[in-house]
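Welcome! Let us take a walk through a protein together, one stop at a time.

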Amino acid sequence: MRNILLIIFGLFPLLLMSQGIQSSQSEGPSGHLKVIGKISLEGNRITKPNIIYREIIIKEGDTLSNLSFKNKLEQSRLNLLNTSLFNFVNIDTTTDISGTTTLKFKMTERWYLFPFPIFEIADRNFNTWLAHKDWRRVNYGGFIKWSNLRGRMEVLNLLIRFGYDERYRLSYDIPYINNKQTLGLTFVGSVNQNHEVSYMTENNKQVFYRGEGYMLRNSQISTSINYRPSIFKYYSAIIGLNRFDYNSKLTELNSAYAPTNAKQLNLFVSTFYFRNDHRDSKPYPLKGYYADVNLTSQVGSYNNKQNYSNGFVCCCSCQPGM
């Protein structure tokens, strides 16, 4: 009897240890493993499914711990909200008898077409404009933004503004042009022109000249190829042409405004842009971090064959809550 008791008490700790090993292997440090089954979408009346699945970092067939499942589910929800395509995103999860978890993403799409009227004064503030009440220093027109065009997250912007600062601008952004949804294109064209231009500073105040014709016209056209290899990283290479046409009266009033006998400046502009965005919410970030870098080079010449070159670097980083 004594030998039997010794054998029982001797084996009991081993039984406990073997049970603990089996439990840790099956559950892991974060709980039971989840096998992801079907992922379905609801509420995307306009948005194409491939645009939505691009932002969901959980895939069908994944095997995840409870903690990893919870974190990836929340990150996927935030990714969809950060596309600015949806007002609300909710996720229903269902686990069947076999332990397979199915997901249903339920979305409420935004209104994608926004027309904006433009009426603004060109002075620094209303009191400055009120001092002379010059209606020629007023801008008016309209702006149209059409997001999620064709349901593919494309964006069309059209600006038409008359008055003091005339501006016409058209841009079209295509986020994805390949099957992997990593490459995109952006096209931009714009014209700015003014009858009145500040040509110098005197006693810490700008001095303006207004002519019958346009004193200054700036025409731009550019295209960029964009690369988004992951949810958080974004690269863009931009090339464009930038042309300035200005009236000879400006160089008569200020010889330092531009080189002598130069009425036109043509520039070739190249830009490299990188963004690393790990914020939980782009409009109102509370966690995460953000950083970007902008490298720009401008090379060209005036119509009198005098060369011009310029370049600059811009860097930005932030961490919410700091």
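A charge sits over a ring if NZ of Lys or CZ of Arg is within 6 Å of the ring centre and within 35 degrees of the ring normal. Keep that rule in mind as you look at this model, which is predicted.

Let us begin with R137. Its charged end sits over the ring of Y164, 4.6 Å from the ring centre. That distance is within 6 Å, the limit set by the rule. A second case involves R275, which lies over the face of Y234 at 4.5 Å from the ring centre.

Along the chain, R137 and G163 are 26 residues apart, yet their C-alpha atoms are separated by 7.0 Å. You will find G163 in strand 7. Is G163 buried or exposed, or something in between? It counts as partly exposed, because its relative accessibility is 23%, and the partly exposed class lies between the buried limit of 20% and the exposed limit of 50%.

Now follow the chain through strand 7 and its neighbour. Strand 7 covers residues 154–163, strand 8 covers residues 165–174, and the two pair in the antiparallel sense over 7 bridges. To see one of the bridges, find V155 and look across to its partner in strand 8, D173. Strand 8 also pairs with strand 9, residues 183–194, again in the antiparallel sense, this time over 10 bridges. Here Y172 has F187 in strand 9 as its bridge partner.

Two loops are worth a visit next. R150 is exposed because its relative accessible area is 51%, and the exposed class begins over 50%. Elsewhere, S84 lies in the loop between helix 3 (66–82) and strand 3 (86–95). The phi of S84 is also positive, near 65 degrees, and S84 is likewise not a glycine. With a relative accessible area of 40%, S84 is partly exposed.

Next come the aromatic rings. How many aromatic pairs are there? The count comes to 12. One of them is formed by W129 and W135, an edge-to-face pair with 5.0 Å from centre to centre and 75 degrees between the planes. W129 counts as buried because its relative accessibility is 6%, whereas W135 is exposed, with a relative accessible area of 58%. Another edge-to-face pair joins Y302 and Y308, at 6.4 Å centre to centre and 90 degrees between the planes. Y302 is buried, with a relative accessible area of 12%, while Y308 counts as partly exposed at 27% relative accessibility. Rings can also gather in a group: Y227, Y235, F272 and F274 form one aromatic cluster.

Our last stop is an empty space. Rolling a probe the size of a water molecule over the atoms shows where such space is left. The second largest pocket has a volume of about 180 Å³. Which residues line the second largest pocket? They are E74, Q75, L78, F232, H278, R279, D280, K287 and G288. Sorted by class, this lining has 2 nonpolar, 3 polar and 4 charged residues.

Key. Residues numbered from 1 in each chain as written. Predicted model: local features only at pLDDT ≥ 70, side-chain atom pairs only at ≥ 80, totals over all residues. Heavy atoms only, no water. Phe/Tyr/Trp six-rings, centres within 6.5 Å; stacked < 30°, edge-to-face > 60°. Buried < 20%, exposed > 50% of the residue type's maximum accessible area, 1.4 Å probe, protein only. Pairing = 2+ DSSP bridges. Helix = DSSP H or I, 4+ residues; strand = E, 2+ residues; numbered from the N terminus. 1 Å grid on protein atoms, 1.4 Å probe; cavity = no way out; pocket = protein on both sides within 12 Å on 5 of 7 lines; lining within 4 Å. Points joined across faces, edges and corners; volume = space filled by probe spheres on them. Nonpolar A, V, L, I, M, F, W, Y, C, P; charged D, E, K, R; others polar.
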